[in-house]
Amino acid sequence: MSDDAWTAKEALSNLRNALVEKGMSIDDMFGKFDADSDGTINGPELHHGIRDILGDVLSPGQISEIIKALDGNQDHRIDVAELREALQEEE
């Protein structure tokens with residue numbers, strides 16, 4: 001997929017598809033993204049997680065857009081509850 005197509009909505013769709021394709025739970029995915037195990041996913045962790053799990057390299061602007069879309073408490077990070085809520089919507 002071209003990284004130009006990645007919007008926050010497209011990212012959620014791609015992450016949902018990856019859960020199914022890879023047989024992962026949301027908690028599994030969160031654990032793979034949260035490289036420093038601090039309970040949150042920051043920009044670099046999201047960038048690396050998407051690259052490692054989906055094979056796509058996104059720009060800093062795209063990563064920022066995804067974080068803003070998922071970050072309910074506006075701390076500029078995604079916690080497991082925010083990821084779970086975002087990935088379970090529209091199902």
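Predicted model: local features only at pLDDT ≥ 70, side-chain atom pairs only at ≥ 80, totals over all residues.

Let me begin with the core. The largest nonpolar core has 24 residues, and those that touch the most other members are Met29, Phe33, Leu46, Ile50, Ile66, Leu83 and Leu87. At least two residues of this core come from each of helix H1 (8-22), helix H2 (26-33), helix H3 (43-54), helix H4 (60-70) and helix H5 (80-88), and H1 gives the most, with 5 residues. If you click on Leu83, and leave aside its neighbours within four places in sequence, you will find it in contact with Ile26, Phe30, Ile41, Leu70 and Ile78.

Two of those names bring us to the next topic, helix H2. Which residues of H2 are buried? They are Ile26, Met29, Phe30 and Phe33, and because they cover an arc of only 100 degrees around the axis, they sit on the same side of H2.

Now to the charged side chains. How many salt bridges does the structure hold? There are 3 salt bridges, and I will take them in turn.

In one of them Arg84 pairs with Asp27, with the closest N and O atoms 2.5 Å apart. This pair links distant parts of the chain, since Arg84 belongs to helix H5 and Asp27 to helix H2, 57 residues apart. Arg84 is partly exposed, with a relative accessible area of 28%, and Asp27 is partly exposed as well, with 44%.

Another salt bridge joins the side chains of Asp38 and Arg77, at 3.5 Å from N to O. Asp38 lies in the loop between H2 and S1, while Arg77 lies in the loop between H4 and S2, so the pair ties together parts that are 39 residues apart in sequence. Asp38 is partly exposed at 40% relative accessibility, and Arg77 is partly exposed at 29%.

The remaining pair is Asp52 with Arg51, whose closest N and O atoms are 3.0 Å apart. Asp52 is exposed, with a relative accessible area of 57%, whereas Arg51 is partly exposed, with 34%.

The side chain of Thr40 makes a polar contact with the side chain of Arg77, at 3.2 Å. Is Thr40 buried or exposed? Thr40 counts as buried, because its relative accessibility is 13% and the cut-off for buried is under 20%. Beyond its neighbours within four places in sequence, Thr40 is in contact with Phe30, Asp34, Glu45, Arg77, Ile78 and Asp79.

Finally, let us return to Ile50, which is found in helix H3 and counts as buried at 0% relative accessibility. Leaving aside its neighbours within four places in sequence, Ile50 is in contact with Trp6, Phe33, Gly55, Asp56, Leu58, Ile63 and Ile66. Ile50 and Ala18 are 32 residues apart in sequence, and their C-alpha atoms are 9.9 Å apart in space.

Conventions:
Residues numbered from 1 in each chain as written. Heavy atoms only, no water. Buried < 20%, exposed > 50% of the residue type's maximum accessible area, 1.4 Å probe, protein only. Polar contact = N/O pair within 3.5 Å; in protein donor to acceptor, adjacent residues only side chain to side chain. Contact = heavy atoms within 4.5 Å. Core = buried A, V, L, I, M, F, W, Y, C linked by side-chain atoms within 4.5 Å. Helix = DSSP H or I, 4+ residues; strand = E, 2+ residues; numbered from the N terminus. Arc of directions from axis to C-beta. Salt bridge = Lys/Arg side-chain N within 4 Å of Asp/Glu carboxyl O.
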